[in-house]
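Colleague: Could you take a close look at one part of this model with me? I would like to understand the protein surface that faces the DNA.

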Protein chains: 2
Amino acid sequence: MVTINDIAQKAGVAKSTVSRYLNGGSVSQKTRDKIDKIVNETGYSPNTFAQSLKAKNTKMIGIIVPRLDSYSANEVLSSVDRTLREKEYQLLITNTDQSSEREIENIYTLAKQKVAGIILMATVVTEEHKKVISEIDVPVLLLGQQAEGLHSIGHQEFEAGYAMGRHAGSLGHKNFLYFSVFKEDIAVGQHRANGVLTALNEETDVNVDIIETSFSFTKAYELALEILPKTNATYILCATDNIAMAVLKAAHTLQLRIPDDFSLSGFGGYEVTSIVSPSITTVKYGYKELGETAVEKLFQLIKGESIEENTLIPNYLLKRESTVSNVKKVE
Amino acid sequence: MVTINDIAQKAGVAKSTVSRYLNGGSVSQKTRDKIDKIVNETGYSPNTFAQSLKAKNTKMIGIIVPRLDSYSANEVLSSVDRTLREKEYQLLITNTDQSSEREIENIYTLAKQKVAGIILMATVVTEEHKKVISEIDVPVLLLGQQAEGLHSIGHQEFEAGYAMGRHAGSLGHKNFLYFSVFKEDIAVGQHRANGVLTALNEETDVNVDIIETSFSFTKAYELALEILPKTNATYILCATDNIAMAVLKAAHTLQLRIPDDFSLSGFGGYEVTSIVSPSITTVKYGYKELGETAVEKLFQLIKGESIEENTLIPNYLLKRESTVSNVKKVE
DNA sequence: GTGAAAGCGCTAACAG
DNA sequence: CTGTTAGCGCTTTCAC
């Protein structure tokens, strides 16, 4: 391994001069050229660890994701990665497999690695999270959820839910079924759901059943198999596209037709919703923008600038084949 | 920041003793307890960089992926991550956005970070790759491709192609269309394709058209829109599930029916192929096993053990609704 | 502009 | 078993 000492020696200068050369300090053109040559010859590249030892932090950003096999997580990941690369930062991705405990663990691990900042895609933010975050002195940006006292960025969940609720209501349906998720998930289980329910309650004579399921495709599928035969809903709203896909599959299994037997919609704007038939009405979230803005906000945090506690990214409704007017059936 | 010195001082021992305590050296129970207490009180955790400075390598494995938004990449990623965690290793994921140049770059970056080993999901392995890999002295395991002189692990591509070809042939079709990918991709563009063609050529009186497309959904979709109306094939094989999904969508757009107008199959075993209707015949690859075995092999490499140059993971055919016997149409 | 020297936090002989 | 003593490769004063 070639070190700064080797370079200094070969160039006949002190290693501090090489260090200056490396870090843009003042070095005469002559010395610079000399060192340049040696560095190129040897292919020298400074030892990141030795650098970090002094520097106290690195050009790395850590991101903690609940799962690697989720469309939305990957969209954000791609976007964050791209944005970071422009800034010559490295992304360190760690996966928690949806374990809250592992989230805490990973915050520590990343802090130890001296990442400059952490983006945390938590599902649920506990007191313990807050404690750990305050202990380490690395800025943390919450993504997708909010929590008091922590900086966060996320989607306009209420607005998304509301837009979808309006759409559903405007089609003249009266009986709705909403596949929601557990309330501990503030963003999806509360804000998104509230948006949906608020809009639906603005309609007259409507009946809304709410059923709680999880983000798991399989679980949602099994639940749908059980529920679909019993419900009289003519419009089924699902809290995520994933759940909507599960309901679609269940409908298929049960030989029910969408949108003839019932309308169906999801949330998320997953690509697959446009491929299946019928294509599924959904809300397209701004994952790319979310990733970009997250990085921007995190850097402001790192620089010590003060930013608003919570940033929300807009989204828009995509009306597709899976949702139709209820009037049709009456005709 | 609390350092080993602080601990040593507070415990009234030398820092080397603390170091030994940390690394499982021989320390008396009494001293151990004393240090234990201080460590817990202070929440001390050793500085990874200082450790790495000496150790010359870290408990991190780097993985270079061509894209973050691909099903197969994520399956492997999940599996590698899980396996690594059991060994208390961290995964450092870097993304190349399918740029070969960036692959080279990332190999360097990871080597500089002193990862213990690198898993490279390359699409094409150039001479430059080989050069770089030989320069750094970190073991590299190629995943999904093979190249002479490099250790690799991948799928049984030929066998997969052959199995699918047999299936297609056995259904009595005579006119086939194969959406392949560029030949530079050895695994998919050559081995998989060869498997398909070999099997198909064992049939009599068959006609196989080959059309080259890319891994991009959109590109495949547009190409399919153009090709489908012209072809007389009754069975369309696609090199990936992604391409198959694109063809499915194109068929939909063109109001063609699958499998009535033609049978369709993909490769990969993506979850979505079981959700759409008709469900799509595919080959289920062992992504999980691939990830696990990759880690295992990489660790053998790291330990300096010699392993076979190339390891292949088996897969199996999933017959679904999208492929039916040609005889049907004659009836 | 440049060099000498003092660490950064930790590990690893080497004595004792 | 434990303390002393060198470094690991690099950055950063502080004189010159």
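How many nonpolar, polar and charged residues make up the surface near DNA strand D?

Modeller: Happy to, and please keep in mind that this is a predicted model. By class, the surface near DNA strand D has ten nonpolar, twelve polar and five charged residues. In total, 27 residues surround DNA strand D, and the closest are Ile4(A), Lys15(A), Tyr44(A), Ser16(B) and Thr31(B).

From chain B, the side chain of Ser16(B) places an N or O atom 3.1 Å from a base oxygen of DNA strand D. The elements giving two or more residues to this surface are helix 2 (15–23) and helix 4 (48–55) of chain A, together with helix 2 (15–22) and helix 4 (48–55) of chain B.

For context, here is DNA strand C. Its nearby surface has ten nonpolar, twelve polar and six charged residues. One of its contacts involves Arg20(A), where a side-chain N or O atom is 2.8 Å from a base oxygen of DNA strand C. Another involves Thr17(A), with a polar side-chain atom 2.5 Å from a phosphate oxygen of DNA strand C.

Conventions. Residues numbered from 1 in each chain as written. Chains lettered and ligands numbered in written order. Predicted model: local features only at pLDDT ≥ 70, side-chain atom pairs only at ≥ 80, totals over all residues. Heavy atoms only, no water. Near = heavy atom within 4 Å. Polar contact = N/O pair within 3.5 Å; in protein donor to acceptor, adjacent residues only side chain to side chain. Helix = DSSP H or I, 4+ residues; strand = E, 2+ residues; numbered from the N terminus. Nonpolar A, V, L, I, M, F, W, Y, C, P; charged D, E, K, R; others polar.
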